[in-house]
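Here is a note for a colleague who is opening this structure for the first time. Please keep the sequence and the view at hand while going through the numbered points.

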Amino acid sequence: MEKLFTKRQAAEYFQVSQRTIDRLITKLDIPVFKIGRQVRIPESSIELMMQKVHMTVEERNHLINDMLEV
């Protein structure tokens, strides 16, 4: 079975807030497991998030601007 991370663990790994992790999950359409109200992020989703975060400056600025509008 794949290792699962909490949002707090993912936030610490990426050195961002948990809210940023929430936004990345939503904006990048990252697959997660929901158990009741708890969210668990599989290791493969962490890797996918890393791949999708590596983008051009223009793409990153567009994503950040979209996130700030929410």
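**Notes on the model**

1. Leaving aside neighbours within four places in sequence, Met49 is in contact with Phe14, Ile21, Leu24, Ile25, Leu28 and Ile30, where contact means heavy atoms within 4.5 Å. Met49 also belongs to the largest nonpolar core, which has twelve residues in all: Phe5, Ala10, Ala11, Ile21, Leu24, Ile25, Leu28, Ile30, Val39, Ile41, Ile46 and Met49. A nonpolar core is here a set of buried Ala, Val, Leu, Ile, Met, Phe, Trp, Tyr and Cys residues joined through side-chain atoms within 4.5 Å, and buried means under 20% relative accessible area, with exposed over 50% and partly exposed in between (1.4 Å probe, protein chains only).

2. A word on the basis of these remarks: this is a predicted model, in which local features need pLDDT of at least 70 and side-chain atom pairs count only at pLDDT 80 or more, while totals for chains, interfaces and linings use all residues. Residues are numbered from 1 along each chain as its sequence is written, and side-chain values use heavy atoms, with hydrogens and water left out.

3. For orientation, the secondary structure of the protein chain comes to four helices and three strands, and along the sequence they follow the pattern β-α-α-β-β-α-α. Helices (H or I, at least four residues) and strands (E, at least two) are DSSP runs, numbered from the N terminus. Of the 70 residues of the protein chain, 24% count as buried, and residues 24 or more positions apart account for 57% of the contacts with a separation of 6 or more.

4. Which elements supply the core of twelve residues? At least two residues come from each of α1, α2, β3 (38–42) and α3, and the largest share, three residues, comes from α2. As general background, nonpolar side chains tend to be buried together in soluble globular proteins.

5. Helix α2 deserves a separate look. The buried residues of α2 are Ile21, Leu24 and Ile25. Seen down the axis of α2, these buried residues fall within an arc of 100°, so they line one face of the helix; the arc is that of the directions from the helix axis to the C-beta atoms. In general, an α-helix has 3.6 residues a turn, so residues three or four places apart point the same way. After α2 comes Asp29, whose phi is positive, near 55°.

6. The three strands form an open sheet in the order β1-β3-β2, with antiparallel pairing, where two strands pair if DSSP finds at least two bridges between them. The edge strands are β1 (4–5) and β2 (33–35), each of which pairs on one side only. Two bridges join β1 to β3, and in β3 the bridge partner of Phe5 is Ile41; both Phe5 and Ile41 are listed in the nonpolar core. Three bridges join β2 to β3, including Phe33 with Arg40 and Lys34 with Val39. The hairpin of β2 and β3 has two residues between the strands, and in this hairpin Gly36 takes a positive phi near 65°.

7. How many salt bridges does a search of the whole structure find? There is one, a salt bridge being a side-chain nitrogen of Lys or Arg within 4 Å of a carboxyl oxygen of Asp or Glu. The side chains of Asp22 and Lys7 meet in it at 2.8 Å, N to O, and the pair links distant parts of the chain, with Asp22 in helix α2 (residues 18–27) and Lys7 in helix α1 (residues 7–14), 15 residues apart. Asp22 is partly exposed, with a relative accessible area of 22%, and Lys7 is likewise partly exposed at 23%.

8. The structure also holds one aromatic pair. The ring centres of Tyr13 and Phe14 are 5.2 Å apart and their planes lie at 85°, so the pair is edge-to-face. Under the rule used, rings of Phe, Tyr and Trp (its six-membered ring) pair if their centres lie within 6.5 Å, and planes under 30 degrees apart count as stacked, over 60 as edge-to-face and the rest as tilted. Tyr13 is exposed at 53% relative accessibility, whereas Phe14 is partly exposed at 22%.

9. At 2% relative accessibility Ser45 counts as buried, and, neighbours within four places in sequence left aside, Ser45 is in contact with Ile30 and Pro31.
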